[in-house]
Amino acid sequence: INYLREKGAKVILMSHLGRPKGKPSPEFSLRPVADYLHTLINQPVAFSHDVVGEIPEQIVAHMKNGDVALLENVRFEAGEEKYDPELARRLASLGDVFVNDAFGSAHRAHSSTAGIAAHLPAVSGFLMEKELTYMHDELQSPARPFVVILGGAKVSDKIKVIDRLLDQADTILIGGGMAYTFKLALGQTIG
């Protein structure tokens with residue numbers, strides 16, 4: 001964020017929080033994120049209560065170089081997780097370049113990830129670059145014992161990663177919601 005600001009960009013941030021199922025839900029609002037980000041960058045962060053439409057368009061139109069704006073939780077939009085091409089187009093219309101720095105979400109074919117990248121030049125951010133470099137280097141010649149820790153809600157999102165690591169890892173630890181799938185496969189009960 002600071003790198004882009006220093007280069008004179010108008011930085012429009014978007015993210016998701018929780019699983020609000022395509023409807024606004026106060027407990028998943030990104031407003032507190034905007035308030036806290038303001039303290040980290042020592043500059044006001046404009047906050048749009050809408051993801052797309054007139055309000056974010058006006059905020060972006062009034063931004064100056066180096067300004068930062070945060071859109072409300074993209075998962076408040078019903079089309080976000082379904083890759084709604086119109087939502088993707090409207091999100092992309094707010095910017096000129098798409099910087100994806102969310103490694104954990106980059107694989108999802110959502111409107112705010114793959115959708116925007118279909119409309120704008122897209123690059124990875126510094127955090128994603130760091131994670132990709134680390135993963136490449138570590139997978140080429142990992143230190144032993146090589147222990148992989150995976151978590152998350154769904155095994156289906158990570159099954160290819162697990163399959164790829166089975167032959168390389170000495171141990172794979174699985175936690176979070178993914179562990180339930182394995183417990184059920186072993187005949188154990190969950191709840």
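Analyst: Start with exposure: a residue counts as exposed when its relative accessible area is over 50%, as buried when that area is under 20%, and as partly exposed in between. The model is predicted.

User: Why is Asn-42 called exposed?

Analyst: Asn-42 has a relative accessible area of 68%. Asn-42 is placed in the loop between H2 and strand S2 (45-48).

User: What makes the phi of Asn-42 worth a remark?

Analyst: Phi of Asn-42 is near 55°, which is a positive value in a residue other than glycine. Tyr-83 also has a positive phi, of about 55°, although it is not a glycine. Tyr-83 is in the loop between S3 and H4.

User: Is Tyr-83 buried, exposed or partly exposed, and how do you know?

Analyst: The relative accessible area of Tyr-83 is 30%.

User: Why does Arg-108 count as buried?

Analyst: Arg-108 has 17% relative accessibility. Buried means under 20%, so Arg-108 falls in that class. Arg-108 sits in the loop between S4 and H5. Leaving out residues up to four places away in sequence, Arg-108 touches His-16, Arg-75, Thr-113, Ala-114 and Asp-157.

User: What makes Tyr-3 and Phe-126 an aromatic pair, and why is the pair called edge-to-face?

Analyst: Their ring centres are 5.0 Å apart, and rings pair if the centres lie within 6.5 Å. The angle between the planes is 75°; planes over 60 degrees apart count as edge-to-face, so the label applies. A search of the whole structure finds one aromatic pair.

User: Which parts of the chain does the pair tie together?

Analyst: Tyr-3 lies in helix H1 (residues 2-6) and Phe-126 in helix H6 (residues 126-140), so the pair ties together parts that are 123 residues apart in sequence. Tyr-3 is partly exposed at 42% relative accessible area, while Phe-126 is exposed at 53%.

User: How do you know which residues line the largest pocket?

Analyst: A lining residue has an atom within 4 Å of a grid point of the pocket. The largest pocket holds about 1200 Å³ of space. Its lining has 43 residues, and the closest to the pocket centre are Leu-4, Val-11, Ile-12, Leu-13 and Val-99. By class, that lining has 27 nonpolar, ten polar and six charged residues.

User: What is the volume of the second largest pocket, and which element gives the largest share of its lining?

Analyst: The volume of the second largest pocket is about 700 Å³. H6 gives the largest share of its lining, five residues.

User: What makes the bond between Arg-144 and Pro-145 a cis peptide bond?

Analyst: Omega for the bond joining Arg-144 and Pro-145 is about 0°, and the bond is cis. Pro-145 is in the loop between H6 and S6.

Conventions:
Residues numbered from 1 in each chain as written. Predicted model: local features only at pLDDT ≥ 70, side-chain atom pairs only at ≥ 80, totals over all residues. Heavy atoms only, no water. Phe/Tyr/Trp six-rings, centres within 6.5 Å; stacked < 30°, edge-to-face > 60°. Helix = DSSP H or I, 4+ residues; strand = E, 2+ residues; numbered from the N terminus. Buried < 20%, exposed > 50% of the residue type's maximum accessible area, 1.4 Å probe, protein only. 1 Å grid on protein atoms, 1.4 Å probe; cavity = no way out; pocket = protein on both sides within 12 Å on 5 of 7 lines; lining within 4 Å. Points joined across faces, edges and corners; volume = space filled by probe spheres on them. Nonpolar A, V, L, I, M, F, W, Y, C, P; charged D, E, K, R; others polar. Contact = heavy atoms within 4.5 Å.
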